Amino acid sequence: MPEARSEVSPYDALLLLSFGGPEGPEDVVPFLENVTRGRGIPRERLEQVGQHYFRYGGVSPINEQNRRLLAAIREDFAAHGVDLPVYWGNRNWEPYLTDTLRAMAADGVRRVLVLATSAYASYSGCRQYRENLAESLDALAAEGEASEGPEGTAPLTVDKLRHFFNHPGFVEPMVDNVLAALDELPAAVREHAPLVFTTHSIPTSAADTSGAPEDPARAEGHPGGAYVAQHLDVARLVADGVRKATGTRRPWQLVYQSRSGAPHIPWLEPDICDHLEALHDDGVPGAVMVPIGFVSDHMEVVYDLDTEATAKARELRLPVARAATVGTDPRFTAAVRELVLERAAAERGEKPRRCALGALGPSHDLCPAGCCPAPRRPGAPEPRRAAAGVD
Ligand SMILES: CC1=C(CCC(=O)O)c2cc3nc(cc4[nH]c(cc5[nH]c(cc1n2)c(C)c5CCC(=O)O)c(CCC(=O)O)c4C)C(CCC(=O)O)=C3C
Ligand SMILES: [Fe+2]
């Protein structure tokens, strides 16, 4: 029996906003062009990354994973009396964000809550999505003007859910996924295997300015900004959960993967492959890779970890296992529901309970001015407008 209906006003819809990925060989190059437009990623890196996709028939797993997440969220909403339609749009591939927002407007949606498939603060994981939203809303407004005359305005307003990295519905499934990965290691290795938490490397300049300007993690003497602080908090929480479940305190470290950009620009380090080598040199018997930076096992996980890092480990004869990401774990979809109801209540002026584990507390609802600023690119025009935040 469904429970009593939950209050979702003032929202008319939830929008799952993601990265997008190619769905066949002919999509790979146009997809990469979409991703890298104006970003100065070296040609060689693009060719390499193209090869990663071609190895898998030109298909990224990410779209299918988002279709499943969409279905899981809808099921969870239906089972809990949350009467809110859920849409899906991407930054870099079909269904494109602008098309989804257009369809939403046509369905009569006016006020949209956005769930971006990125748990942490950073330009790539937060403001860039907000810029994409602003751009799409502008494009729709322009279409409106073209068809209806000068008073056409964007009919949609968008809010974005707070970062969910420290929500128990994100952290707790990760703990179980680490336990499952530990079980894949040979028994003799398992007991002392360290946890290698991994996330997307970003330029250190982007990391240092990630989060709100008044976030203590952005102060002088805190390299890595909110991006690193949030990942460290999750790593600590997951390591703690694993220790409680196994009775063993094991070493852990946060490392990085999927670096791109020009070699002379500093990005977060160490790289996971270098770290595996260091573990091996230290005589560590094996390790578990834990991709806390991602919400599904997409290409950055199946290629950079399962293919590249695993090949490196094999070369070192270092047994490794890789923990799954949260994917469609029911605790994660329940967290999405809780976050939606929490935000709706906050927008109605109520004081909802805000679930958060760890030391940092719940993240802000509204990105303040100067939050996760865009990188300055030489010759680039003025900073782009961003929706769902103060600036
Ligand atoms: C922080 C972060 C996340 C996590 C948060 C989130 O999930 O949003 C993320 C996710 C993803 N990144 C992805 C793919 C790519 N990212 C690239 C490039 C870049 N990512 C960056 C950062 C991040 N990226 C950065 C700073 C760049 C440099 C260029 C730029 O400043 O933008 C490139 C270009 C080639 C290359 O350089 O690798 C590709 C192809 C996919 C899709 C995977 C699939 O297809 O399954 C996903 C989920
Ligand atoms: Fe990326």
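**T204**

I looked up T204 in this predicted model and found it in helix α8 (residues 204-208). Helices (H or I, at least four residues) and strands (E, at least two) are DSSP runs, numbered from the N terminus. In this predicted model, local features need pLDDT of at least 70 and side-chain atom pairs count only at pLDDT 80 or more, while totals for chains, interfaces and linings use all residues. Residues are numbered from 1 along each chain as its sequence is written, and chains are lettered from A and ligands numbered from 1 in the order in which they are written.

The cut-offs are 20 or more other C-beta atoms within 10 Å for buried, 12 or fewer for exposed, and partly exposed in between, with C-beta atoms placed from the backbone.

I then listed the contacts of T204, leaving out residues up to four places away in sequence: P266, W267 and L268. A contact here is a pair of residues whose C-beta atoms, placed from the backbone, lie within 7 Å. I also noted P223, which is 19 residues from T204 in sequence and 8.0 Å from T204 in space, C-alpha to C-alpha.

**Domains**

I took the division of the chain as domain 1 (13-164 + 329-347) and domain 2 (168-322). These bounds come from an automatic or database domain assignment. The centres of the two domains, taken over C-alpha atoms, are separated by 26 Å. At the interface, 24 residues of domain 1 are in contact with 22 residues of domain 2.

On the domain 1 side, the elements giving two or more residues are α2, α3 (62-79), α5 and α13 (330-347). α13 gives the most, with four residues. I sorted this side by class and got 13 nonpolar, eight polar and three charged residues. Ala, Val, Leu, Ile, Met, Phe, Trp, Tyr, Cys and Pro count as nonpolar, Asp, Glu, Lys and Arg as charged, and the others, Gly among them, as polar.

**Ligand 1**

The shell holds 26 residues, and the closest are G21, S60, S260, H298 and M299. A residue belongs to the shell if its C-beta atom, placed from the backbone, lies within 6 Å of the molecule.

I checked which helices take part: α1 (25-36), α2 (43-55), α5 (123-148) and α11 (299-302) each supply at least two residues. α1 gives the most, with three residues. By class, this shell has nine nonpolar, 14 polar and three charged residues.

**Sheet β2-β1-β3-β4**

I followed four strands through an open sheet with parallel pairing, in the order β2-β1-β3-β4. Two strands pair if DSSP finds at least two bridges between them.

Strand β3 (residues 111-116) pairs with β4 in the parallel sense over four bridges. I noted D159 in β4 as the bridge partner of L113. Helix α4 (residues 97-106) lies across β1 (13-18), β2 and β3 and runs at about 155° to β2. Axes are lines fitted to C-alpha atoms, for helices over the stretch in contact, and angles run from 0 to 180 degrees between N-to-C directions.

**Sheet β6-β5-β7-β8**

I found another open sheet of four strands with parallel pairing, in the order β6-β5-β7-β8. Its edge strands are β6 (252-257) and β8, each pairing on one side only. Neighbouring strands here are turned by 25° against each other on average, direction ignored.

Helix α10 (residues 272-281) lies across β5, β6 and β7, at about 145° to β6. Helix α12 (residues 304-316) packs on the sheet and touches β5, β6, β7 and β8, with its direction at about 175° to that of β8.

I looked at strand β7 (residues 287-290) in detail. Both faces of β7 are covered, with A287 and M289 buried on one side and V288 and V290 buried on the other. Strand β5 (residues 195-200) pairs with β7 in the parallel sense over three bridges, and L195 stands opposite V288. Three bridges also join β7 to the parallel strand β8 (residues 320-322). There, V288 stands opposite A321 and M289 opposite R322.

Methods: Contact = placed C-beta atoms within 7 Å.
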